[in-house]
Structure formats: structure tokens, C-alpha cells
Amino acid sequence: MLPISALVYIFSGSTALWYALRSFKAYKKTGNEYSLAIFQLGIGISLALYFYGLPILIFGDSPAFLGFMWAFAQFPLFMGLSYVNSLALKIWGYNALQKLFPYLIFLLTLVLFFAHIATDIPRPYLDNFGLAHWDINYPFNFIFALTVAVLTLVPAVFFMTSKVDSKKALVKKIFFVATF
């Protein structure tokens, strides 16, 4: 039986990649910084989802490897989110922080990665239905949830408060913000 978690992660990663590539095409056509940030976000999310899903599909019976890949997947996820945060900080006028932000997020992710691997690597397992249970222990589950919440809240506020030119753009913006 194919693990359903792997299929969902891979499908979601492919969807994020498709959206990222559409955004990159729009960026090449218009030079719009929003499109570039969405491209970077989409690439980060798609890589993270592939790092979650492909190992489950191929190495589903190796909890140590799956745990390592879960921790490793945080790099593209957090970096993708950091680019959108950088755009928000730039538009809001925090230029010095905007330039430093991706490096700070990378360092935070590096510290969390090594702390997690050194102290308590997750031991994920698949249940009878093919669902992955990541088995992330405290404090790493709390730190991960808090980091993701903060890294998604800033862009959500930014996109929700940004001005739009048409009703179509407003509807697109509302649906996009809802994903955060």
C-alpha cells in the first residue's frame, strides 16, 4: 500500500512548484517584486514538501532517516518564508532588517537543525493507513510551531493590508492570505 502521507506531500509540493513557476514567469514578464517573492516562497515550500514526502515513499521503514529529512526540510521551508518576510520588511521601510533577515533565519534554522539532530532526532512512523506521525518532541514542536506562526503572520498582515487595483486582485489576495 502506498503511504497516503507521501502522496499528499508530493502532490502538494508539485502544486507549490507549479505556482512558483507561474510566479517566476510573471516576474520575468513584469519585474514585479511580489511575483519574485512568491516564486521564492513556492520553491521553498515545494522543496520542503518533497523532503517530507519522497523519503516516506522510498525509505518509509527508516525512522532515523525520515527524522533527519524532516529536520533538513526546515531549511527550504524557513528560507522560502524568509524571502516573503524580507519583501514585507522592505516595503514597510525596514531596509536594514530586510537585508539581514534571510541570514538570521538561516542561522536560526541551522542552530535548530543541529540542536534537534544532536539531542532528539525525531523518529517518525507510518500507521496502518499510511499516515506519517512525525513524533516531534518538546521543545522542538513548540519552537517549530512558533517559528512557522511568526514567519507566516508577517506576510499575511502585509498582503492583507496591501492595496489592490481591481476586484479580481482583491479576491486573489484574500484567497492567498487565507493560505497563510
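Residues are numbered from 1 along each chain as its sequence is written, and side-chain values use heavy atoms, with hydrogens and water left out. Because the model is predicted, local features need pLDDT of at least 70 and side-chain atom pairs count only at pLDDT 80 or more, while totals for chains, interfaces and linings use all residues.

Helices and strands are taken as DSSP runs (H or I of at least four residues for helices, E of at least two for strands), numbered from the N terminus. Helix H1 covers residues 4–30. Its 27 residues reach 39 Å from the first C-alpha to the last, close to the 39 Å expected at 1.5 Å a residue; the expected span is 1.5 Å times one less than the number of residues. Buried residues of H1 include Ser5, Ala6, Ile10, Gly13, Ala16, Ala20 and Ser23, where buried means under 20% relative accessible area, exposed means over 50%, and partly exposed lies in between (1.4 Å probe, protein chains only). The cover over the buried residues of H1 includes H2 and S2. Just after H1 comes Gly31, with a positive phi of about 75°.

Helix H3 has 29 residues and spans 43 Å between its first and last C-alpha, close to the 42 Å expected. H3 is largely enclosed by the rest of the structure, because 21 of its 29 residues are buried. After H3 comes Gly93, whose phi is positive, near 95°.

Attention now turns to empty space. Rolling a probe the size of a water molecule over the atoms shows where such space is left. The search uses a 1 Å grid over the protein atoms alone: a cavity is a set of points where a 1.4 Å probe fits but cannot get out, a pocket is an open set with protein on both sides within 12 Å along at least five of seven lines, and lining residues have an atom within 4 Å of a point. Grid points are joined across faces, edges and corners, and a volume is the space filled by probe spheres set on the points.

By this rule there is one cavity of 30 Å³ or more. The largest cavity has a volume of about 130 Å³. Its lining consists of Trp70, Ala71, Gln74, Phe78, Thr109, Leu112, Phe113, His116, Phe140, Ile143 and Phe144. H3, H4 and helix H5 (140–161) are the elements that give two or more residues to this lining. Thr109 belongs to helix H4 and counts as buried because its relative accessibility is 2%. Leaving aside neighbours within four places in sequence, Thr109 is in contact (heavy atoms within 4.5 Å) with Gln74, Phe75 and Phe78.

The second largest pocket has a volume of about 160 Å³. It is lined by Glu33, Leu36, Ala37, Gln40, Tyr83, Ser86, Leu87, Lys90, Gln98 and Pro102. Helix H2 (33–59), helix H3 (63–91) and helix H4 (95–119) each supply at least two residues of this lining, which comprises five nonpolar, three polar and two charged residues. Gln98 is located in helix H4 and, at 18% relative accessibility, counts as buried. Not counting residues up to four places away in sequence, Gln98 touches Ser86, Leu89 and Lys90.

The loops complete the picture. Asp127 lies between strand S1 (125–126) and strand S2 (132–133), and at 23% relative accessibility Asp127 counts as partly exposed. A polar contact of 2.9 Å joins its side chain to that of His133; such a contact is a pair of N or O atoms within 3.5 Å, where within protein one must be able to donate a hydrogen and the other to accept it, and residues adjacent in sequence count only if both atoms are side-chain atoms. A polar atom of the Asp127 side chain also lies 2.9 Å from the backbone nitrogen of Phe129. Asp127 and Pro3 are 124 residues apart in sequence, yet 8.9 Å apart in space, C-alpha to C-alpha.

The loop between S2 and H5 contains Asp135, a residue other than glycine with a positive phi, near 55°. Asp135 is partly exposed, with a relative accessible area of 37%. Pro139 lies in the loop between S2 and H5, and the peptide bond from Tyr138 to Pro139 is cis, with omega near 10°.

Key. Ala, Val, Leu, Ile, Met, Phe, Trp, Tyr, Cys and Pro count as nonpolar, Asp, Glu, Lys and Arg as charged, and the others, Gly among them, as polar.
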